[in-house]
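Colleague: I have not worked with this entry before. Could you take me through it, please?

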Amino acid sequence: MTTNHLNLSRRIRRTPFTEKVEALGVRGYSVVNHMLLPKAFATSVEDDYWHLRAHVQMWDVACQRQVDIRGADAARLVQWMTPRNLSKARAGDCLYAPLVDESGGIINDPVILKLASDHFRLSIADSDVLLWAKGLALGAGMDVVIEEPDVSPLAIQGPRAEALMSAVFGERIREIRFFKFARFEFMGSSHVIARSGYSRQDGFEIYLEDSRLGAALWDRLWEAGQAFNIRPGCPNLIERIEGGLLSYGNEMTRKNNPLECGLAAFCDLDEPLDCIGGGALRAIKAAGITRQIRGLIFDGDPCPPCATPWPVRRAQGNDRAAPVGEVTSAAYSPRLRANVALAMMNNGFRAPGERVLVHSADSQTRAGVVSALPFA
């Protein structure tokens, strides 16, 4: 017997906003970084998708835990963890950066906020970066303090996000550029607000620096948001796939490197960076990757959820032929009126326009075509 019920305990942490999402009818959770992530409300994923593209939503994403690294060796340690060159970053910058191990495998893909020359904050995906960073610093004898601060992100996403945020925090919020941040006051304390978020819509992430203020912050935004048709929401699977946004643990794990995940733009391998996995990634680049993330568009009825990878085979193949790729995330797109997916495709089968067969979890074989990302 299977059930979708999540048995909660203190090992799975609630957030400063959990009571608010419960009151608004949250229907399901996932667990990220040992913390609850709301995954569904009263509407369908499709209805949520259309609302996100037209209005504004508030997401409890406090599961994006923060790893604070401060001290004389903070810049050295953070650079050691990523192949992206951080030397030109300024205070107020947000930088998407893969973290890699000694083999070039992806440990995590956080947004790194540079708070000061000796203070970095990593807003992480679902893996224990805190423990890894502590181990590196201890082994190398670095002069740093590493901790998980009392910081809980709350995302405001959608085309009306700027109007809502300016109503609450003032017109200066409009001056924040994409992937930049500034500090704003709320109830007598200062909080980082970044123009960022896990969607292709406009939006902000509020890094609440005192969990005791969670309910008050939610209520203030919710009240002001009534004028903008606000809803509670969560990262939308359809919008994420259409936008080509990768999910750690789905599209990539430590078994994958940034080059095959389409993240070469965030790897400065021609520069003499002191990065743990730099040498391994340069060797991978020189040898050439054998597969890479692509989009797929495929036909048939709306596909089921992709809980385990689906095989992708050549269009002229059969069910016993060796797969030429695998689907990692999939959903039906009401805008494109087709199923869409993210898939890791082998060389020779990853060019846009390549025709393939997708074997979905409902035992259907569906005709598909490879697409560039993001989807048009």
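**Tryptophan 222 and the chain around it**

Modeller: This is a predicted model. Leaving aside residues up to four places away in sequence, tryptophan 222 touches Leu24, Met58, Ile230, Arg231 and Pro232.

Colleague: Where is the place of tryptophan 222?

Modeller: Tryptophan 222 sits in helix H6, which covers residues 214-225.

Colleague: And why does it count as partly exposed?

Modeller: Tryptophan 222 counts as partly exposed because its relative accessibility is 21%, and buried would require a value under 20%.

Colleague: How far is tryptophan 222 from leucine 164, in sequence and in space?

Modeller: In sequence, 58 residues separate them, while their C-alpha atoms are 9.5 Å apart in space.

Colleague: Turning to the whole chain, how many helices and strands does it have?

Modeller: The chain contains 8 helices and 21 strands.

Colleague: What does the radius of gyration say?

Modeller: The chain has a radius of gyration of 21 Å, which agrees with a compact globule, because a globule of 376 residues would come near 21 Å. Along the principal axes, the C-alpha trace spans about 65 × 50 × 45 Å.

Colleague: What share of the residues is buried?

Modeller: Buried residues account for 53% of the 376 in the chain. As for contacts between residues at least 6 apart in sequence, 65% join residues at least 24 apart.

Colleague: One more topic: how many positive and negative side chains are there?

Modeller: There are 43 positive and 43 negative side chains, and the centres of the two sets lie 3 Å apart.

Methods:
Residues are numbered from 1 along each chain as its sequence is written. This is a predicted model: local features need pLDDT of at least 70, side-chain atom pairs count only at pLDDT 80 or more; totals for chains, interfaces and linings use all residues. Side-chain values use heavy atoms; hydrogens and water are left out. Helices (H or I, at least four residues) and strands (E, at least two) are DSSP runs, numbered from the N terminus. The radius of gyration is taken over C-alpha atoms; the globule rule is 2.2 Å times the number of residues to the power 0.38. Buried means under 20% relative accessible area, exposed over 50%, partly exposed in between (1.4 Å probe, protein chains only). Contact means heavy atoms within 4.5 Å. Lys and Arg count as positive and Asp and Glu as negative; His and the chain ends are not counted. The place of a charge is taken as NZ of Lys, CZ of Arg, CG of Asp or CD of Glu.
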